[in-house]
Amino acid sequence: MIRNIPFPRIFIAAAIFGIQTAAFAVDGASLEIGSGNKTKMTRVGLQWKWDSKWWQSNGTHIGGYWDLTVSQWRADRFRNIPGNSQNLIDVGFTPVFRWQRDSLKGWYAEAGIGAHYLSEIYDNNDRQFSTKFQFGDHLGIGYVFNNSVDVGIRVQHFSNASIKRPNDGANFAVLRASYAF
């Protein structure tokens, strides 16, 4: 009987069951748009806040969250040919450290570095990756309003840390909006 159930259905059922447990309770969701190297990016994400508060002093601390994202990249100069496009998907998982107020409202600064997997090897505007696996690091600033809406801006860099050449990397300026549940 189990042999007749396709693997994707078992996986989906397990994922739905897992999402319902308290251990996987999502704390926030985000929407991001970015641009760089003649590539446009749209990204959605889910966040899980950390309970830890490091270097707590004067009403501020360093905290953070886990950030799970899925992005679509739309490049318009594939293989350095104007008008030749490349579309790919990026799945990323990043621990993000955030210097913030103890109230979790107001101004913040953050930094993160995580792992990303691309659906194909990026090759756009004379920038080439040699692997689908990339590290994505970012620096950002933002503001959390009293209604838990968070708006920010980031500078993000993708590179494989010279695991394999070429390793030209790509940089993006990213606008981010999120909401904490």
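How many helices and strands does the protein have? I counted one helix and 11 strands, taking both as DSSP runs (helices H or I, at least four residues; strands E, at least two) numbered from the N terminus. From the N terminus on, I read the order as α-β-β-β-β-β-β-β-β-β-β-β.

**Basis.** I worked on a predicted model, in which local features need pLDDT of at least 70 and side-chain atom pairs count only at pLDDT 80 or more, while totals for chains, interfaces and linings use all residues. Residues are numbered from 1 along each chain as its sequence is written, and side-chain values use heavy atoms, with hydrogens and water left out.

**Confidence.** I looked up pLDDT, the predictor's confidence in each residue from 0 to 100. The average for the protein is 89, and 87% of the residues score at least 70. Over residues 14-22 the pLDDT is below 50, and I found two contacts (heavy atoms within 4.5 Å) from this stretch beyond near neighbours in sequence. Where pLDDT is low, the predicted coordinates should not be read in detail.

**Burial and contacts.** I noted that 38% of the 181 residues are buried; buried means under 20% relative accessible area, exposed over 50%, and partly exposed in between (1.4 Å probe, protein chains only). Of the contacts between residues at least 6 apart in sequence, 57% join residues at least 24 apart.

**Aromatic pairs.** I paired rings of Phe, Tyr and Trp (its six-membered ring) with centres within 6.5 Å, calling planes under 30 degrees apart stacked, over 60 edge-to-face and the rest tilted. The count comes to 15 pairs. Trp50 and Trp54 are edge-to-face, at 5.8 Å centre to centre and 75 degrees between the planes. Trp50 is buried at 16% relative accessibility, whereas Trp54 is partly exposed at 35%. I then turned to Phe158 and Phe172, whose centres are 5.7 Å apart with planes at 90 degrees, so this pair is also edge-to-face. Because Phe158 lies in strand β10 (residues 149-159) and Phe172 in strand β11, the pair ties together parts 14 residues apart in sequence. Phe158 is buried at 0%, and Phe172 is buried at 2%. I also recorded a cluster in which ring pairs link Trp50, Trp54, Trp66, Phe93 and Phe97.
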